[in-house]
Amino acid sequence: MDSNDSTRSRLGLEGELHVEQLNTDECWRLLQEASLARLAFVNESGDPEIYPVNIQTAQGTVVIRSADDTKAHAITARPHVAIEVDGGTLRVRWSVIVHATAEVIVDDADSPLHRSSGSSWFPGTKTRSIRLTVTSITGRRFLIVAGARPTGDVSSAVDRTGSVDESKSTERRVPPTTIPSFPPMGDDRRRPH
C-alpha cells in the first residue's frame, strides 16, 4: 500500500485522491482575490514567526501594511519571506505559496503605494508598507474530507475556483471529529504584534 492509498483509506476516500498543480496565472488570480494571508519570516532572534496580514497585489508585487514594530525590523534585517493564502469549499481547497524578497518602506501619505494598500483588519497605526518582490509562486488545488466522504469521481463537479456543483456530486455525511485543543504554554518571549 503506497502513501496515497494509506491516506485515502484513513480519510475514507473512495477512488483517486485528486491534486492539481496550479499554473502561475491561476496562482496570481487567487492571490489577487485574497485579502488575508499568513506571512512567514525569521525574527531578530533567528526564530521563525508567522503572522496573519492583510495583503494587496500591485503591479506584480504584494503589499502589506505594518506598524513600525518588531516584525518590520526583523524583515528589514532578514528580507527573505514567504506568504500563504488559501480558500475553497468544504471538499475542495486551494493553497498558494509565495516566496519573496521584502522591502520595508516608510509611508508617505501621498505615495501611490500608501493609497493603494487599503485598510487593515488589525488595529493600530500602519506607518510602513512591506513590498514583496515575488521570486516564486506555486499553488495546488486538492480534494479533502471535512465531514463528507465523496463517492465516485467528483472531478467533474469541481469548477476552476474549487467550488463544487452539488448536483454533480454525491456524498455520505459523517459526524465531525472533535479536535483536541490545549491552552497556550507560558512563554515570556511572546510579545503582542
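Student: Which residue forms a salt bridge with glutamate 20?

Tutor: Heads-up: this is a predicted model, so local features need pLDDT of at least 70, side-chain atom pairs count only at pLDDT 80 or more, and totals for chains, interfaces and linings use all residues. Residues are numbered from 1 along each chain as its sequence is written, and side-chain values use heavy atoms, leaving out hydrogens and water. A salt bridge means a side-chain nitrogen of Lys or Arg within 4 Å of a carboxyl oxygen of Asp or Glu. With its closest N and O atoms 3.0 Å apart, the pair joins glutamate 20 to arginine 141.

Student: How many residues apart are glutamate 20 and arginine 141?

Tutor: Glutamate 20 sits in strand β1 (residues 19–22) and arginine 141 in strand β7 (residues 128–143). Strands (E, at least two residues) and helices (H or I, at least four) are DSSP runs, numbered from the N terminus. The pair links distant parts of the chain, and the separation is 121 residues.

Student: Is arginine 141 buried or exposed?

Tutor: Buried means under 20% relative accessible area, exposed over 50%, and partly exposed in between (1.4 Å probe, protein chains only). Glutamate 20 is partly exposed at 39%. Arginine 141 has a relative accessible area of 5%, so call it buried.

Student: Which helix holds both glutamate 33 and arginine 29?

Tutor: Their side chains meet in a salt bridge at 2.6 Å, N to O. Glutamate 33 is exposed at 56%, while arginine 29 counts as buried at 16%. They're four residues apart, about one turn, and both lie in helix α2.

Student: What is the closest N and O distance between arginine 38 and glutamate 84?

Tutor: Arginine 38 is partly exposed, with 40% relative accessible area, and glutamate 84 counts as buried at 16%. Their salt bridge has its closest N and O atoms apart by 2.7 Å.

Student: How many bridges pair β2 with β3?

Tutor: Two strands pair if DSSP finds at least two bridges between them. These two form a hairpin with five residues between them, and glycine 46 in the turn has a positive phi of about 90 degrees. Strand β2 (residues 36–42) and strand β3 (residues 48–58) run antiparallel, and their bridge count is seven.

Student: In β4, which residue is the bridge partner of glutamine 56?

Tutor: β3 and strand β4 (residues 61–66) pair in the antiparallel sense over four bridges. Two residues lie between them in a hairpin, with glutamine 59 in the turn at a positive phi of about 50 degrees. Glutamine 56 is partnered in β4 by valine 63.
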